[in-house]
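Dear colleague,

I am passing the structure below on to you, with the sequence alongside. My notes on what was found in it follow directly after.

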Amino acid sequence: MITPSSKPAIKINNVYKNFGSLQALNGVDLTIEQGEFFALLGPNGAGKSTLISILAGLLKPSAGDISVMGFDVVNQYQQARQLLGVVPQELVFDPFFNVREMLRFQAGYFGRGPENDIWVDEILEGLGLADKAHTNMRKLSGGMKRRALIAQALAHKPPVIVLDEPTAGVDVELRQMLWEFIKKLNRDGHTIILTTHYLEEAEALCNRVGMMKQGNIVALDSTANLLNKFAGKNLRLTLGDVTLPLSIQPLMRHHDRGEFTFALNDMAQIEFVLAALRTDNIKVIDMQLNEADLEDVFLSLVGKKL
Amino acid sequence: MMRLTTMNTALKKCFTISAAFRGPWTLLKKELLRFWRVAFQTVASPVITALLYLLIFSHVLEGHVQVYPGVPYTAFLIPGLIMMSVLQNAFANSSSSLIQSKVMGNIVFVLLTPLTHLQFFLAFLLAAIIRGLVVGVFIYLGAMWFVDLEMVHPSLIFAFAFLGSALLGTFGIIAGIWADRFDQMAAFQNFIIMPLSFLSGVFYSIHSLPPIWQKVSQLNPFFYMIDGFRYGFFGKGDVCPLISLAIVGGSFLVLAWITLKMLKSGYKLRA
Ligand SMILES: Nc1ncnc2c1ncn2[C@@H]1O[C@H](COP(=O)(O)OP(=O)(O)OP(=O)(O)O)[C@@H](O)[C@H]1O
Ligand SMILES: [Mg+2]
């Protein structure tokens, strides 16, 4: 089922997109190899969905090109789309049909017939939709609609799967279930690209992370490398409205209304920070110490919370 | 043994070919189910409306008006009413399906697929034609209850119903792609489709109009569709049916070409 080819799953080449005067994408370059589990992160409006829409052929790039396993998404759209399964961010559904009908249609559009039914059953099972197979789309709860939306993108068993915030509005149980299912697909050789605002998810699942900000990729590395680069501890001190002593300012990663976060490489630096504060007569109101995670990486690169 | 293998390969071949057709076929099937699921609204309701027109107009005008010598008014009216409904419903099918999926957002499910613009067009077109023809057949069956109609040229009847619904189905696709909201679509219906269909000679022969209005009517494509369709029943009409057929067919080709251009360019659908 997965076409053997050495071409990257996705190759994004200097892609620009503007909506009128708004520059949504600013020359994005990104290559994702086959078999990767890739996270595309970024604050609201960074351009993630715009990039995915161009990839899926829903929008045209203003400049640049994208290919899926070597097939250009504009000039060879039939081959490119055949290889691609996209879960849109918007919760859309067709009120005329039930879940199984929608999955059959979706597979049918891609040329799949009754032989595909076994796979459809597998998806329904994997996403906990088996007992909703005959329920009209309109009657599903929001979380169930999201599952059906994911199921539809998988119906033709695409080798490259793109999920735009698949876990928005989804309960913990499904999130668990969904990730188990997606991990299994990834083990079976499917390439997975997802966007999420839950950084723990990206950290736990993805082997590589790209961070976007205002239409640019601002960081691109393996999850491990990114975490290493920002390794160490986070010391979070609540100090109130104060000016930090110059000596410890380079250690500060972030501050937000009297709450200062310091990135530390070793524990000895705790003493250094506290001593400097004491010298300046700054009182520590509260103190927290924890491991740096993707959120910290994100914060220091993008300068914004997700 | 030998024969079995050949049969097997032949079967496999059929299967491969059908796999290529499965995409557009699935879209057609979905479009047909979409209106058939709500047949009460999409089929029964226009049929009842047409039969009510027939009941009222024939009751009021029968015996007072004679358009063609030897043809009772009720009989004259029936083909026009059938064709008017065929055209309106063909338009309604493609236009409402597209505007609904655009507003609901579920049009992405089709846009994400490898279906070509030609396949997309053909699926929506055929669904519109079938909806038009189904409505037409039911009105015909209902009208049989009022009066016995003979068909002088059944092939003309079919040709006009088919081409007419193809033309309006295509126009519906254009309207569905162009409109962004339901009220824009309603304007399309009320300011273009309704006037053109009512002022097309459904209820009268244009020869009964003052000369200036005869000229105006001749600019209305609906006039040719209705006149040609009616010619199929009675063997007489206002215009030679072959000229009408050429006009309807030509208009269809022009609109189909425009629609394919729009779809290919991604106008409104893939910004
Ligand atoms: N169709 C459109 N017309 C005009 N502007 C648009 C359109 N789609 C997106 N934008 C703008 O482009 C920018 C990028 O939007 P996009 O949806 O790609 O962000 P995102 O990274 O997916 O954000 P989120 O995390 O909120 O989903 C935003 O400023 C948005 O307002
Ligand atoms: Mg988005």
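Helices (H or I, at least four residues) and strands (E, at least two) are taken here as DSSP runs, numbered from the N terminus. Please bear in mind that this is a predicted model, in which local features need pLDDT of at least 70 and side-chain atom pairs count only at pLDDT 80 or more, while totals for chains, interfaces and linings use all residues. Residues are numbered from 1 along each chain as its sequence is written, chains are lettered from A and ligands numbered from 1 in the order in which they are written, and side-chain values use heavy atoms, with hydrogens and water left out.

**The two chains**

Read along the sequence, chain B runs α-α-α-α-α-α-α-α-α-α, with 10 helices and zero strands. Chain A, in turn, has 10 helices and 14 strands. The C-alpha trace of chain B spans about 70 × 55 × 35 Å along its principal axes, and that of chain A about 75 × 45 × 35 Å.

Taking buried as under 20% relative accessible area, exposed as over 50% and partly exposed as in between (1.4 Å probe, protein chains only), 51% of the 271 residues of chain B count as buried, and 53% of the 306 residues of chain A do. With contact meaning heavy atoms within 4.5 Å, residues 24 or more positions apart account for 81% of the contacts in chain B that have a separation of 6 or more; for chain A the corresponding share is 69%.

Accessible areas come from the Shrake-Rupley method with a 1.4 Å probe, and for residues only the protein chains shown count as cover. Chain B has an accessible surface of about 12,800 Å², of which 73% belongs to carbon and sulfur atoms, whereas in chain A carbon and sulfur atoms supply 50% of about 13,400 Å².

**Helix α6 of chain A**

After α6(A) comes G189(A), with a positive phi near 110°.

**Ligand 1**

Counting a residue as near when one of its heavy atoms lies within 4 Å, there are 14 residues around ligand 1, of which N44(A), G45(A), K48(A), S49(A) and T50(A) come nearest. Polar contacts are pairs of N or O atoms within 3.5 Å; within protein, one must be able to donate a hydrogen and the other to accept it, and residues adjacent in sequence count only if both atoms are side-chain atoms. A polar side-chain atom of N44(A) lies 2.7 Å from an oxygen atom of ligand 1, a polar backbone atom of A46(A) is 3.1 Å from an oxygen atom of the ligand, and a side-chain N or O atom of K48(A) is 2.7 Å from an oxygen atom of the ligand. The protein covers 62% of the 630 Å² of accessible area that ligand 1 has on its own. In chain A, β2 (22-32) and α1 (48-56) are the elements that give two or more residues to the shell, and α1(A) provides the largest share, three residues.

With best regards
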